[in-house]
Amino acid sequence: MARSNIHRMRIAFSDCDPAQIVFFANYFKWFDISSREFFTACGVPSWRETTAERGIIGTPLVDAQATFSNSATYGEDIEIESWTEKWGGKSFVMRHVARRGDTVLSEGREVRVFATQHPDDPLRIKAVPIPEDIRAACA
């Protein structure tokens with residue numbers, strides 16, 4: 001497997017639904033957080049810095065999928081392992097596995113792009129080629 005990063009966290013009461021299990025959408029939020037944590041662990045500067053230095057505003061999602069295998073509740077410690085499964089020219093695929101100990105809770109797949117603001121419309125973004133130095137740092 002490629003380089004991976006593990007993001008550890010404790011589930012909060014507010015992460016749960018009335019049945020006291022994690023509301024499914026929180027896994028997508030945690031996968032997004034874990035994506036940025038992966039880049040931080042690889043030495044990639046904050047998106048504020050890459051915006052100022054290169055115009056790269058971040059890695060927005062273009063597709064997201066998840067499967068949910070086991071439930072979790074507040075007070076439990078979990079970890080989310082994240083890695084890049086595939087690098088393309090402008091897009092890449094990230095994988096995430098959320099675990100409580102050895103128990104897999106959820107698995108996620110995200111397709112992301114490196115993006116800048118669109119030159120003709122500041123309300124739009126534009127995918128750009130993945131910088132080679134970032135790709136190398138995260139391999």
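Predicted model: local features only at pLDDT ≥ 70, side-chain atom pairs only at ≥ 80, totals over all residues.

User: What makes the phi of Gln20 worth noting?

Analyst: Gln20 is not a glycine, and yet its phi is positive, at about 65°. Most residues other than glycine have a negative phi.

User: Why is Gln20 called partly exposed?

Analyst: The relative accessible area of Gln20 is 39%. Partly exposed covers values between the buried limit of 20% and the exposed limit of 50%, so Gln20 is partly exposed.

User: Which residues form a nonpolar patch on the surface?

Analyst: Phe23, Phe24 and Phe68 form this patch, with about 300 Å² of accessible area together. Phe68 lies in strand β2, which spans residues 61-68.

User: Why does Phe68 count as partly exposed?

Analyst: Phe68 has a relative accessibility of 43%. Exposed would require over 50%, and buried under 20%; Phe68 therefore counts as partly exposed.

User: How do you know that Cys42 is in no disulfide?

Analyst: A search of the whole structure finds zero disulfides. For Cys42, the nearest cysteine sulfur is that of Cys138, 3.4 Å away. A disulfide requires the two sulfur atoms to be within 2.5 Å, so Cys42 is in no disulfide.

User: Why are Cys42 and Cys16 called buried?

Analyst: Buried means under 20% relative accessible area. Cys42 has 10%, so Cys42 is buried. Cys16 has 15%, and therefore Cys16 is buried.

Terms used. Residues numbered from 1 in each chain as written. Heavy atoms only, no water. Patch = residues over 30% accessible without salt bridge, like charges linked within 9 Å, V, L, I, M, F, W, Y side chains within 5 Å. Areas by Shrake-Rupley, 256 points an atom, 1.4 Å probe, with all protein chains shown as cover. Salt bridge = Lys/Arg side-chain N within 4 Å of Asp/Glu carboxyl O. Helix = DSSP H or I, 4+ residues; strand = E, 2+ residues; numbered from the N terminus. Buried < 20%, exposed > 50% of the residue type's maximum accessible area, 1.4 Å probe, protein only.
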